[in-house]
Amino acid sequence: MNAPQTPHTLHFMPSAGFRARAKDVVDNPFLRQSFRGAMDFLMTKRAAQFPDAEELESLRTLGESIRQYNLAKLPDLLEQLEANLVRNGIQVHWAETPDEANEIILGICKHHEAKLMVKGKSMVSEEIELNHAAEAAGIGALESDMGEYIVQLAGEKPSHIIMPAIHKTKQEIAQLFADKVEGVDYTDNVDALIQIGRNVLRQKFLEADIGLSGVNFAVAETGTLCLVENEGNGRMCTTAPPVHIAITGIEKIVEKLEHVPPLLSLLTRSATGQNISTYFNMISSPRKPGEKDGPSEVHLVLLDNGRSQAYADEQLRKTLQCIRCGACMNHCPVYTRIGGHAYGTTYPGPIGKIISPHMLGLEATSGLVTASSLCGACGEVCPVKIPIPELLMRLREEAFSKPHDHPAMVGQGAGYSGLISAVWRGWAFVYRSPALYRLTSWLGSRFRWLMPSRQGAWTSVRVPLKPAPKRLRDMLKERG
Amino acid sequence: MISAQTPPPRPSDVYFFATCVVDQFFPGAGMDAITLLERQGIRVHFPEEQTCCGQPAYTSGFPDEARKVAAHQLTLFPNDWPVVVPSGSCAGMMKHHYPTLFANDPVRKAQAEALSGRIYEFTDFLVNVLGYQPQDLGGDCTVVLHTSCSARREMGVHLTGRKLLGDLGHVTVAQQDHESECCGFGGTFSVKQPEISGAMVEDKVKALKATGAERVVSADCGCLMNILGHAAWKDQQEGRAQPTLPGEHIASFLLRRTSK
């Protein structure tokens with residue numbers, strides 16, 4: 001079987017068409033129902049893991065302080081990590097952009113004359129669209145995580161960072177396997193489907209020249225790469241092929257091994273409602289002399305891709321606390337309505353809305369930052385207490401303010417509209433002045449019958465707004 | 001624990017910050033809240049100069065405009081009385097966001113911080129400051145309570161509305177599906193992302209109606225504007241003359257239940 005094709009969607013504007021994509025899902029009762037059911041399931045599983053609100057709160061506080069501690073020392077920790085990895089025999093590469101990361105990875109592949117790469121689940125590899133780059137270079141890239149395998153077969157992208165194929169029904173997957181996997185008849189028996197996937201992948205692990213994985217935590221003091229997974233495919237990718245390449249964002253570092261257990265506990269409980277994942281891999285070196293297995297070469301690619309922009313700003317830096325559990329999307333009423341693909345970004349949901357602007361610029365993403373009612377459900381469940389609503393408000397300010405000379409972000413002012421800014425200035429002019437407010441609100445109630453019956457988007461599903469005949473201040477005056 | 005802070009002694013006077021939405025769109029709710037407070041022996045002061053807390057601009061990404069409007073409200077409460085706000089959302093803005101908004105303005109920051117400690121959401125004030133226990137004089141009825149996201153997550157006062165309704169002997173409080181989920185209002189979100197907001201309010205109204213409750217009550221008029229606005233629109237679409245989901249501010253409901 002050849003590696004399936006990935007879609008060619010390298011450079012595009014997620015904001016463009018966001019509302020249309022969202023509407024397609026919202027107008028589809030089947031999808032609405034399906035996302036609702038899936039998110040309810042995940043929320044229930046998480047809640048069952050945290051029966052004690054006080055324990056949860058103290059663990060979240062610990063998670064937050066560990067992440068903030070490590071981010072504060074990030075430049076030093078990166079140096080320490082590199083030194084210890086190199087000492088352990090792991091080769092370290094630095095990539096500022098997705099293109100650079102792809103070049104590094106494909107360079108290693110070419111050096112080994114690799115034909116096939118098997119991949120464990122890695123959102124950073126999605127971020128750089130590695131499959132697409134590998135394919136263009138004539139190297140097969142095969143996803144081995146079951147969910148990733150399914151979306152790759154379908155020529156799609158993950159719709160959720162933890163459960164990539166959550167948008168697909170059992171029947172759709174059954175049909176996909178029947179259509180795309182050689183010699184397979186239609187079955188919607190889940191165990192049978194998993195077995196089909198395993199049989200295909202098992203062979204590929206042995207054939208592959210390169211194994212690629214992500215990293216959940218990189219420990220600076222020991223030079224250890226930690227990988228959390230459930231299917232065992234991550235362990236296969238990092239041990240069976242002769243070369244292992246790990247890729248991660250520069251923010252995934254912790255100084256000490258003792259920082260890992262609380263974060264791991266928060267991660268698995270928040271993500272899938274598991275007390276602990278089935279596998280937890282700690283990779284500290286390539287195969288040593290006398291060892292019988294393991295890759296002979298291990299590489300780590302550290303990717304920036306906009307992270308240092310977020311890092312440079314005290315408030316925006318909190319974005320980098322994320323441990324990629326996906327709880328924010330599971331609890332998001334917007335994600336629940338529209339699913340992950342509508343966002344058009346690698347990372348969907350609340351975390352996607354606050355991290356993607358750093359990766360893609362505000363020009364491409366300013367439309368996404370308005371897609372939140374700021375209900376706060378994401379911030380409430382975030383295991384490391386990222387103040388997501390606060391960051392969304394900041395990003396709105398960055399997107400809609402007039403472009404200026406010292407922007408904190410690429411694309412600052414991309415959503416600027418002279419008219420809208422003037423409307424808000426006018427609003428402030430009225431509401432900062434009691435006299436003007438009294439006048440305009442009096443006019444509003446006096447001429448309430450002049451209120452139009454069509455009030456733009458508001459009246460698409462609501463009756464028109466109409467001021468009351470008397471304001472509260474009038475009623476109080478009359479009462480005396 | 002219901003209270004987010006240590007209750008102060010029972011005051012003789014309070015300021016009432018009505019919010020622009022109550023002043024212009026739900027004045028009855030404001031009147032009823034004031035009446036209810038007065039019945040507890042409290043003198044209620046309504047600063048005539050009040051306008052809006054500034055939240056619409058703040059959440060839309062226009063903090064400078066929000067700051068100008070907020071700076072005006074800071075001048076309205078010279079005496080050291082509690083400020084009662086019949087909205088979790090506007091109370092949250094004044095209590096939690098004013099100090100941030102004026103972070104670079106030492107004088108106003110100090111004023112904002114001093115004010116922050118005096119801001120009370122209406123139901124929180126009734127329960128935790130006044131220890132108010134309503135005497136139910138009405139007949140049997142079933143209502144459903146919608147709590148705003150700000151009241152729930154920002155102010156942490158989602159239990160006080162429930163407590164007040166629970167104290168009413170003849171009122172059954174129905175439990176809606178996905179109770180803690182946002183109604184989809186979110187200020188300018190409702191018009192910037194009308195498809196998503198519309199889907200959220202549609203689901204919310206369905207869940208509220210499915211309880212069979214005869215009305216919805218809420219302590220936030222922003223949510224009510226959205227929820228009742230959609231329910232009425234749906235009634236129109238389906239050609240119903242009678243509202244299938246009437247609703248009101250919790251102050252109006254409490255006042256009626258406790259009046260002869």
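1. The interface between the chains. In this predicted model, chain B places 52 residues in contact with 48 residues of chain A. On the side of chain B that touches chain A, the elements that give two or more residues are helices H1 (20-24), H2 (27-39), H3 (55-59), H4 (63-73), H8 (149-154), H10 (189-192), H11 (194-210) and H12 (221-237) of chain B. H11(B) supplies the largest share of that side, with nine residues.

2. Composition of the interface. Which classes of residue does chain B present on the side that touches chain A? The residues there divide into 24 nonpolar, 17 polar and eleven charged.

3. Overall form of chain B. The secondary structure of chain B consists of 13 helices and eight strands. A compact globule of 260 residues would have a radius of gyration near 18 Å, and the 18 Å of chain B agrees with this. Taken along the principal axes, the C-alpha atoms of chain B fill a box of roughly 55 × 45 × 35 Å.

4. Burial and contacts within chain B. Of the 260 residues of chain B, 57% count as buried. Among the contacts in chain B with a separation of 6 or more, 79% are accounted for by residues 24 or more positions apart.

5. Helices H5 and H6 of chain B. Helix H5 (residues 88-101) of chain B and helix H6 (residues 106-116) of chain B have axes that come within 8 Å and cross at roughly 160°. Because angles over 145 degrees count as roughly antiparallel, H5(B) is described as roughly antiparallel to H6(B). The crossing of H5(B) and H6(B) is left-handed. On H5(B), the contact is made by B:Met94, B:Lys95, B:Tyr98 and B:Pro99. H6(B) contributes B:Lys109, B:Ala112, B:Glu113, B:Leu115 and B:Ser116. By class, the residues of this contact of H5(B) with H6(B) are five nonpolar, one polar and three charged.

6. Helices H7 and H9 of chain B. A second pair in chain B is formed by helix H7 (residues 122-129) and helix H9 (residues 158-166), which pack at an angle of about 65° with their axes 8 Å apart. That angle makes H7(B) roughly perpendicular to H9(B). The crossing of H7(B) and H9(B) is likewise left-handed. The residues of H7(B) in the contact are B:Thr123, B:Asp124, B:Leu126, B:Val127 and B:Asn128. The contact of H7(B) with H9(B) comprises three nonpolar, four polar and two charged residues.

7. Overall form of chain A. How many helices and strands make up the secondary structure of chain A? There are 22 helices and ten strands in chain A. The radius of gyration of chain A is 25 Å, close to the 23 Å that the globule rule gives for 480 residues, so chain A is as compact as a globular protein of that length. Along its principal axes, the C-alpha trace of chain A spans about 95 × 55 × 45 Å.

8. Burial and contacts within chain A. Buried residues make up 49% of the 480 residues in chain A. Of the contacts in chain A with a separation of 6 or more, 73% come from residues 24 or more positions apart.

Note on methods. Residues numbered from 1 in each chain as written. Chains lettered and ligands numbered in written order. Predicted model: local features only at pLDDT ≥ 70, side-chain atom pairs only at ≥ 80, totals over all residues. Axes fitted to C-alpha atoms, helices over the stretch in contact; angles between N-to-C directions. Helix = DSSP H or I, 4+ residues; strand = E, 2+ residues; numbered from the N terminus. Parallel < 35°, antiparallel > 145°, perpendicular 65-115°, else oblique. Left-handed = near helix turned anticlockwise from the far one by under 90°. Contact = placed C-beta atoms within 7 Å. Nonpolar A, V, L, I, M, F, W, Y, C, P; charged D, E, K, R; others polar. Rg over C-alpha atoms; globule rule 2.2 N^0.38 Å. Buried ≥ 20, exposed ≤ 12 C-beta atoms within 10 Å, placed from the backbone.
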